[in-house]
Amino acid sequence: MLKLYHNPLSVNSRRVWIALLEKKLEFQLVEIRLDGDQLQPEFLKMNPFHHIPVLEDDGFSVLESLAILDYLEAKFPIPALLPTDAKTIATMRMVEMVTVNELLPAMNPLISRMMGFPGGNDPQKLEQAKEKSAIVLRFFEKLLADHSYFGGEQLTLADIVAGTAVPWFPILGFPLIDYPKLSAWAERLMQRPAWQTTQPTPEAIEAFKSRMEALVKQYEANQN
Ligand SMILES: N[C@@H](CCC(=O)N[C@@H](CS)C(=O)NCC(=O)O)C(=O)O
């Protein structure tokens, strides 16, 4: 059976979890707490870079969430999450890559603030984060136009990748009011059972924050 090593708070893992659910596949979840589990020799054998997600399929390990999404699509093509025409494929890849390379790095300071990480309240970094995020959100708003999803009327990997990042903005204190199309799209995604099943609960967020605070304290104590 497919096995997904993940953490419920990990955006990178959640996109794979959602794809597995959207494809109605049978799989087993293995939680990696990210407080050292990822550094254990058994895990490092699968992923020497100590990152989740990892998908294991009958002894074959795949790492890098976008590679896992491609693997799932190739092995289980129905229901399709990959468009077939050139422009839609390009749009889909663009949204995936812009999310990973532009949006998530821009969001990092906002996430650090929410998590209470040291330096998380630096006003200059927060301002930059808002400005950089706004460039991506404006780009996505325009790209979405009047479609239900980035690829038209059908859900694709673009929605899964962007749709596990963009809906964090209201939780991070920035409602999507200036982006009505994106906001309606995010609402549409939230209606889907795969998003509802994988949505981190406020309790899970708090528990993760406490675990990360303890790790930061431990790290600071070791530095002194
Ligand atoms: N490019 C990788 C990034 C994976 C990644 O950064 N995972 C984080 C959690 S979201 C992680 O495992 N961090 C723990 C560590 O690096 O030790 C992917 O898309 O799979």
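**Figure 1. Surroundings of A145 in the predicted model.** With 8 C-beta neighbours inside 10 Å, A145 counts as exposed, and its place in this predicted model is the loop between α5 and α6 (157-162). The backbone of A145 takes a positive phi of about 45°, although the residue is not a glycine. Most residues other than glycine have a negative phi, and most peptide bonds are trans.

**Figure 2. The crossing of helices α5 and α8.** The axes of helix α5 (residues 123-144) and helix α8 (residues 180-190) come within 8 Å and cross at roughly 75°, and the two helices are therefore roughly perpendicular to each other. On the α5 side the contact is made by L137, F140, E141 and L144, and on the α8 side by K181, L182 and W185. Sorted by class, the contact of α5 with α8 holds five nonpolar and two charged residues, with no polar residue. An α-helix has 3.6 residues a turn, so residues three or four places apart point the same way.

**Figure 3. The packing of helix α1 against helix α3.** Helix α1 (residues 11-22) and α3 pack at an angle of about 10°, their axes being 9 Å apart, and they are therefore roughly parallel to each other. In this contact N12, R15, V16, A19 and L20 of α1 meet S65, I68, L69 and L72 of α3. By class, the contact of α1 with α3 has six nonpolar, two polar and one charged residues.

**Figure 4. Helix α1 within the structure.** The twelve residues of α1 reach 16 Å from the first C-alpha to the last, which is close to the 16 Å expected at 1.5 Å a residue. Nine of these twelve residues are buried, so α1 is largely enclosed by the rest of the structure. The buried residues are N12, S13, R14, R15, V16, W17, I18, A19 and L20, and they pack against β1 (2-6), β2 (27-31), β3, α3, α6 and α9 (193-198). After α1 comes K24, whose phi is positive, near 55°.

**Figure 5. Helix α10 as an open segment.** Helix α10 (residues 202-223) has 22 residues and reaches 31 Å from its first C-alpha to its last, close to the 32 Å expected at 1.5 Å a residue. Of the 22 residues of α10, the number buried is zero, so this helix lies largely in the open.

Figure 6. E64 is partly exposed, with 16 other C-beta atoms within 10 Å.

**Figure 7. The cis peptide bond between I78 and P79.** A cis peptide bond, with omega about -5°, joins I78 and P79. The place of I78 is in the loop between α3 and α4, and P79 likewise lies in the loop between α3 (65-75) and α4 (86-115). I78 is exposed, with 8 other C-beta atoms within 10 Å. Although I78 and F49 are 29 residues apart along the chain, their C-alpha atoms are separated by 31 Å.

**Figure 8. The position of Q191 in the loop between α8 and α9.** Q191 lies in the loop between α8 and α9 and, with 8 C-beta neighbours inside 10 Å, counts as exposed. The C-alpha atoms of Q191 and K125 are separated by 33 Å, the two residues being 66 residues apart along the chain.

Key
Residues are numbered from 1 along each chain as its sequence is written. This is a predicted model: local features need pLDDT of at least 70, side-chain atom pairs count only at pLDDT 80 or more; totals for chains, interfaces and linings use all residues. Axes are lines fitted to C-alpha atoms, for helices over the stretch in contact, and angles run from 0 to 180 degrees between N-to-C directions. Helices (H or I, at least four residues) and strands (E, at least two) are DSSP runs, numbered from the N terminus. Angles under 35 degrees count as roughly parallel, over 145 as roughly antiparallel, 65 to 115 as roughly perpendicular and the rest as oblique. Two residues are in contact if their C-beta atoms, placed from the backbone, lie within 7 Å. Ala, Val, Leu, Ile, Met, Phe, Trp, Tyr, Cys and Pro count as nonpolar, Asp, Glu, Lys and Arg as charged, and the others, Gly among them, as polar. The expected span of a helix is 1.5 Å times one less than its number of residues. A residue is buried if 20 or more other C-beta atoms lie within 10 Å of its own, exposed if 12 or fewer, and partly exposed in between; C-beta atoms are placed from the backbone.
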